[in-house]
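Have a look at the model below, and then let's walk through it together. We'll go by question and answer.

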Amino acid sequence: MLITLLAVSVIVMRVEINRVENNAFSRVATVAEETAQLAPIGSALAEDPANAAKVVAPLAHLAESVSGVDYVTIADLNGIRVAHPDPEAIGQPVSSDHETIRRGETFRGVEEGPLGVTLRVKQPVYENGEIVGTISVGILQSKVRASLVDVVWAFAPWIVLAVAIGSLAAALVERAIRRIYRVDPEEVDSLKQAQQAVLYSVSDGVLGVDGTGRLSLVNDEARRLLELPENAVGQQVEEVLDQSLVDLLRSDSPEAESVQNVLSGERVLIATRREAMLGPKNYGRTLTLTDHTELEDTLRELRGQKSLTDTLRAQAHEFTNRLHLLSGLMSIGEYEEAKEHIQRFTGARGEHPEMHLGDPTLSALFIAKQAVAGEAGVRLELHPFSAVAPGSAIDDDAITVTSNLLANAIEAAGDGGEVSLQLNAGPTGVRIAVSDSGPGIKEGDAARLVQLGVSSKTGTQSAIHGRGIGLALVDRIRIRREGVLKFGSSDLGGAEVIAAWPPAKRPKVKQSASIPLQGDYFND
C-alpha cells in the first residue's frame, strides 16, 4: 500500500511539475507576443534605435507589472538593451545570445541571467514585416517551484488520509485473517498449500458444494470416480453430477446424513454427506465418496464361495449317509438292493452347463449361482435353448447383468421355488432372460424398480441398506449399450426380466445359416 501511494505521489508530482511549467511558459509566451506587437515599440526601434528607450522602456515596464513576469527585456538589432527591469542595464548588451532570434527564430527554455535561472521566451520584434529588434520575457524558476510547493501542500493531506485509511483497513484484514485461519496473513499461503496437499492425497473422493449449489471443491479422486471435467468447479451440481448425488446433496432429510450406497454411472459408491460448518455459519455441504465397486465384487465372490463350500459340506454329509446305507445293505447280504442304490446315486445328471453356454466364465458363474440357489432351497435351471455362438465375446457387462438378475430371481423365488436362465449371444447381440416362480412384479412397478434405491422387497427407497442397486446398475448398462430391459410374467408363475443389447459393432453381413441360434436376440 505504501509503495503504491509513493508511486502515485511521484506521478502526481511529475504531472504537477509539467503542468506548472507549461502554464509558466504559456504566460511568458503570451506576454512576449503581446508586447512585441505594440505599435509604439516597433516604430521606435525602426525609426530611432538610439533613442528608442524613452518610448520602449515604459511600455515594457508596464507589461512586466501587469503580467507578473520577472522581467521584460527588449533589444535593438545590435543587441543593445532598450528596456530592462534594471534602468542601469539599459544601453548595455544583452547577457544571452540573440543571434538566432534576429534571424527570425524563437526560443523557449531555461537559462541563467542576471536575475537567476529563469523560464524564458525570446522572439523577434517586427515593423512592417521587417525584424527591428528582439524581446525576451522570463519568470524565475524559484517562483515556479514555490507555486509547486503550494500544490504539494494542497494534496498532501489527502495522501496522509489515504495512508491512514489503508493502514486501518490492512489492520482489520489482518485481524480477520487471524480470527478465521488462526495464522498470520503471510502464513495463509502455506496453510492453503498444506490443506491442498492433504486433501488431494486422501484415497477418498471429496466434494464441496456452497450454499448456492455450486461445486466449490473437487479433489482428484472425486474427479476420477465421478468422471468430472476439468472445469467442474464453479458449475451447478445438476450440470455435472449424477441425479442420485444431486438428490443426496439437496436433501434436507436427516437420513441423508447417514452413510449410504449410491450409484454414479456404473460405480457403486459409499457416500457420506456432512454440513460444512465454521462456528455457527453454514458454508455449504461436503460429500465423501469411497469406491465400493471392487469391494462389492469381492464380497459377492466370497459369498458365492461360502455358499459353494456350504453346499459341498452338505453333499459330503449326504454322501456319508449313503455310504452307511450301502454298508448296511451289504452287511445283510442285500447285494442287489445295494447295486440298485449305487446305480441310482451315480446315474446321469445331465450335461455340464458349459456344454450349453460355451463360455467358461458364464459356466463358473452359473455353477456358483446353482450352489447359492441350492442353499436357499431354489432349483436353478439352464434353459435348453441357451447358447453362445462360437467366437462371441462375453464381456463384463453380460456377467454383471446375469449375476444381478439371478441374485434377484433367487431371492424372489424363495425356498422351494424355481429359477430359469436363458442366455443367447451371437452376431446379433446378447439376450439374457431370467424367470422365477416368485410373487412377480405388479403392473406399473417396472419403471420404478430401475430407480436407485427402490426394491421389490421393500417397496421404498432402500439403497441405504444395500438394496435397490442391482436393477439400477443393469438399467445403466442397458442404456450405455443402447439395449432394452423388459419386465413381464414367466411360465413359472413369477416374473421374467429380459435384458438385451446389440453388439458393439454390427457385422456387415447377415448371420450364417450354419449357426444353430435362431432369431434376433436384441429385437426378439
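Q: At roughly what angle do the axes of helix α14 (residues 396–413) and helix α16 (residues 470–480) cross?
A: Keep in mind that this is a predicted model. In it, the axes of α14 and α16 come within 9 Å. The angle at which they cross is roughly 150 degrees.

Q: Is α14 roughly parallel or antiparallel to α16?
A: Angles over 145 degrees count as roughly antiparallel. The axes of α14 and α16 cross at roughly 150 degrees, so α14 is, relative to α16, roughly antiparallel.

Q: How do the residues of the contact of α14 with α16 divide by class?
A: On the α14 side you'll find Asp397, Thr400, Val401, Asn404, Leu405 and Asn408. Facing them from α16 are Gly470, Leu471, Leu473, Val474, Ile477 and Arg480. Sorted by class, these residues come out as six nonpolar, four polar and two charged.

Q: Is the crossing of α13 and α14 left-handed or right-handed?
A: Helix α14 also meets helix α13 (residues 360–375), with axes that come within 11 Å and cross at roughly 15 degrees. Angles under 35 degrees count as roughly parallel, therefore α13 and α14 are roughly parallel to each other. As for the hand of this crossing, it is right-handed.

Q: Which residues of α14 make the contact with α13?
A: From α13, the residues taking part are Thr361, Leu362, Leu365, Lys369 and Ala373. By class, the contact of α13 with α14 has seven nonpolar, three polar and one charged residues. The α14 residues are Ile399, Thr402, Ser403, Leu406, Ala407 and Ile410.

Q: Is α2 roughly parallel or antiparallel to α3?
A: The axes of helix α2 (residues 39–47) and helix α3 (residues 53–67) come within 9 Å and cross at roughly 150 degrees. That crossing angle makes α2, relative to α3, roughly antiparallel.

Q: How many nonpolar, polar and charged residues does the contact of α2 with α3 have?
A: The crossing of these two helices, α2 and α3, is left-handed. Pro40, Ile41 and Ala44 in α2 meet Val55, Val56 and Leu59 in α3. By class, that gives six nonpolar, no polar and no charged residues.

Q: Is Ala52 buried or exposed?
A: Ala52 sits in the loop between α2 and α3. Its relative accessible area is 0%. Anything under 20% counts as buried, so Ala52 is buried.

Q: What distance separates the C-alpha atoms of Ala52 and Ala83?
A: Leaving aside neighbours within four places in sequence, Ala52 is in contact with Ala44, Leu45 and Val82. Ala83 is 31 residues away from Ala52 along the chain. Their C-alpha atoms are separated by 8.9 Å.

Q: With which side chain does the side chain of His98 make a polar contact?
A: His98 belongs to the loop between β2 (81–83) and α4 (99–102), and at 3% relative accessibility it counts as buried. Leaving aside its neighbours within four places in sequence, His98 is in contact with Lys122, Thr134 and Ser136. The polar contact, at 2.8 Å, joins the side chain of His98 to the side chain of Thr134.

Q: Is Glu227 buried or exposed?
A: You'll find Glu227 in the loop between α7 (220–226) and α8 (237–240). Its relative accessible area is 67%. Since the cut-off is over 50%, Glu227 counts as exposed.

Q: What is the phi of Glu482, about?
A: Most residues other than glycine have a negative phi. Glu482, in the loop between α16 and β15 (484–489), has a positive one although it is not a glycine. Glu482 is exposed, with a relative accessible area of 64%. Its phi is about 55 degrees.

Definitions and conventions
Residues numbered from 1 in each chain as written. Predicted model: local features only at pLDDT ≥ 70, side-chain atom pairs only at ≥ 80, totals over all residues. Heavy atoms only, no water. Helix = DSSP H or I, 4+ residues; strand = E, 2+ residues; numbered from the N terminus. Buried < 20%, exposed > 50% of the residue type's maximum accessible area, 1.4 Å probe, protein only. Polar contact = N/O pair within 3.5 Å; in protein donor to acceptor, adjacent residues only side chain to side chain. Contact = heavy atoms within 4.5 Å. Axes fitted to C-alpha atoms, helices over the stretch in contact; angles between N-to-C directions. Parallel < 35°, antiparallel > 145°, perpendicular 65-115°, else oblique. Left-handed = near helix turned anticlockwise from the far one by under 90°. Nonpolar A, V, L, I, M, F, W, Y, C, P; charged D, E, K, R; others polar.
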